[in-house]
Amino acid sequence: MKRYLALLLFIGCVGDQNEPQSADVLFEKAQTVASKMKRGINIGNTLEPPEVGDWNNDFVSEYFFDDYLLAGFNTVRVPIRWDKHTLIDPPYTISGTWLDTVQQVVDWGLSKDLFIIINSHHDWWLVNNYDSTQARERFYAIWNQISKKFKNKSPKLLFEIINEPHGMTKENVDELNVDILQIIRRENPQRIVIYGGHSWSNSDHLLQAEVLNDEYIIGYFHSYDPWEFAGKGKGFWGSDYDINQIKTKFKAVANWSERNNTPVIISEFGAIHDCDYNSRMLYYFTYVREAISNGFAFQAWDDGGQFKIYNRNSRTWPEVKDILIYTYPDSPENFKAQYVSDSQAYLTWSLNDSDCSKIVIEKSTNSFPFEKISEVDYGITEYIDNSAATVNSIYRVVSICKDNIRKYSNPFKVTR
């Protein structure tokens with residue numbers, strides 16, 4: 001009770017008398033919003049380094065959002081670090097320049113009618129000093145200022161409380177989620193707020209978190225499982241065991257979501273470029289298929305480095321983008337392209353029940369772009385490519401379905 005009263009007094013001290021959100025703005029409930037978010041991407045390692053540019057990425061450009069939209073994404077997560085732009089003593093004022101900078105990025109995204117997520121990311125000063133009253137009050141003040149700054153923005157702007165608070169206990173994070181939600185609700189009574197569990201915010205941590213009783217709440221989790229493969233690039237991935245591990249993980253989250261009437265997103269996942277190519281492509285394919293199958297919107301991690309998906313300067317997209325946009329629960333699966341000779345490759349795949357008319361076989365000899373080399377009737381599940389230069393060529397198959405929807409397999413590179 002003392003902590004709760006102190007929090008209310010604190011909010012009153014740092015708050016103002018501005019009017020809350022306008023009653024004529026339509027804020028939809030969390031289940032509806034989550035169902036619309038669907039496919040997304042992160043602008044990682046950009047606004048969360050200690051200083052902009054520290055982690056090999058220049059500042060965000062407005063054209064990023066044009067390219068995200070054109071690619072087919074409808075959600076962009078913008079990780080943000082606040083401490084280097086906030087006074088360390090009361091009243092813990094955030095630099096007006098930084099707030100305006102963040103607002104510019106938010107406005108660029110909202111102007112394209114994208115869902116935009118902003119959060120507190122890599123604010124280790126809080127995680128490492130959570131027992132400090134001053135550290136907590138500084139974090140309260142930060143969220144109070146964010147809440148006021150953005151309270152009149154489109155409902156498509158979402159707030160995420162804290163990213164991966166490893167070092168804080170479950171009880172710490174449960175307490176923080178409740179406290180920050182109260183602060184946000186003062187100025188944003190119906191804005192979607194996203195929360196997760198403790199540690200690295202994996203699915204197990206979300207399942208252990210205290211459930212927040214709020215109709216405008218979404219849970220999140222991250223997954224780079226197994227880290228030895230996805231984060232370190234060791235070995236291969238894609239056995240039946242590997243795939244079933246992801247299916248089991250996602251099903252457990254889906255059950256939790258249904259039981260608690262709380263929608264869920266997976267706001268970070270990915271595998272580094274050092275991974276085995278075919279394993280990495282299947283990894284993304286599996287994550288997207290399982291996310292969509294279980295009703296989770298997703299935002300793939302893109303840090304401009306080893307997890308890079310979008311080439312920011314050249315404005316180009318390697319093949320991972322197509323996996324993120326064109327993978328469906330009934331996409332062609334189990335796709336493989338086997339070496340027969342330097343001029344022949346044997347392609348096989350399996351199909352799910354779907355309202356489709358044909359299969360297009362595509363090939364890339366320079367990683368990108370893919371070009372159509374043949375098409376077969378839907379139901380065919382093998383093909384022999386007798387063209388030259390099969391070694392290191394990359395293949396994929398595409399189901400052409402009702403309303404001309406294209407459903408892609410994972411790409412597969414031929415090796416001897």
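**View 1. Cys275, a buried cysteine.** Cys275 counts as buried because its relative accessibility is 6%, where buried means under 20% relative accessible area with a 1.4 Å probe and protein chains only. Please keep in mind that this is a predicted model, in which local features need pLDDT of at least 70, side-chain atom pairs count only at pLDDT 80 or more, and totals for chains, interfaces and linings use all residues. Residues are numbered from 1 along each chain as its sequence is written, and side-chain values use heavy atoms, with hydrogens and water left out.

**View 2. The disulfide between Cys356 and Cys401.** The structure holds 1 disulfide, a term for a pair of cysteine sulfur atoms within 2.5 Å. Here Cys356 and Cys401 are joined, S to S 1.9 Å. Distant parts of the chain are linked by this pair, 45 residues apart: Cys356 belongs to strand β11 (residues 356–364) and Cys401 to strand β14 (residues 394–401). Strands are DSSP runs of E with at least two residues, and helices are runs of H or I with at least four, numbered from the N terminus.

**View 3. Handedness and burial at the disulfide.** The link of Cys356 and Cys401 is right-handed, with 80° about the S-S bond.

View 4. Of its 416 residues, 56% count as buried.

Methods. Buried means under 20% relative accessible area, exposed over 50%, partly exposed in between (1.4 Å probe, protein chains only).
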